Amino acid sequence: SRPDLLPARVQLSPGLNKYVLVHAIHSDGDEQRFVKSASPSECGGPYHGNVAQDLREWIEAAGYKVTVTGGGRIDYTEDHQLVAIYGFSYAFGKGDHERAAALVRSHDSSLRVNVDNRDGIY
């Protein structure tokens, strides 16, 4: 496997955007997880699938099998260093928001990350 060819494990776009949580595994057993949020103008469309598309392609090109394990919304207020994670994806189901939060925290420990796991919040 070539983890050095993989994209950043956390990609956050400022504002209220959809997010996806991705699990990648290589045939040699290397496993990686990714979280990405993006606006429709950044990812080419308004759906969670649009957010996931280029991320999936990049990871697959590095030789990994990719599964989108869920999604929701991330509200990232850059100037206040605040991230709120909640909601679900119609296409991929509700993301493991706690796992997404852990990835975000490991990426930038200065961020304050709040998680809302209530069902029904879109």
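H23 has R33, in β3, as its bridge partner. Welcome to a predicted model, in which local features need pLDDT of at least 70 and side-chain atom pairs count only at pLDDT 80 or more, while totals for chains, interfaces and linings use all residues. Residues are numbered from 1 along each chain as its sequence is written, and side-chain values use heavy atoms, leaving out hydrogens and water. Helices (H or I, at least four residues) and strands (E, at least two) are DSSP runs, numbered from the N terminus.

**The sheet**
- β2 (15-26) and β3 (31-38) pair in the antiparallel sense over eight bridges; two strands pair if DSSP finds at least two bridges between them.
- Six strands make up an open, mixed sheet, in the order β1-β3-β2-β4-β5-β6.
- β1 and β6 are at the edges with a single partner strand each, so one side of each has no neighbour in the sheet.

**The helices**
- Helix α3 (residues 97-107) has H97, A100, A101, L103 and V104 as its buried residues (buried: under 20% relative accessible area; exposed: over 50%; partly exposed: in between; 1.4 Å probe, protein chains only).
- These residues lie on the same side of α3, because they cover an arc of only 160° around the axis, taken from the directions from the helix axis to the C-beta atoms.
- Among the elements covering them are β1, β4 and β6, where contact means heavy atoms within 4.5 Å.

**A loop residue**
- Q81 sits in the loop between β4 (64-77) and β5 (82-86).
- Although not a glycine, Q81 has a positive phi, near 55°.
- Q81 counts as partly exposed because its relative accessibility is 26%.
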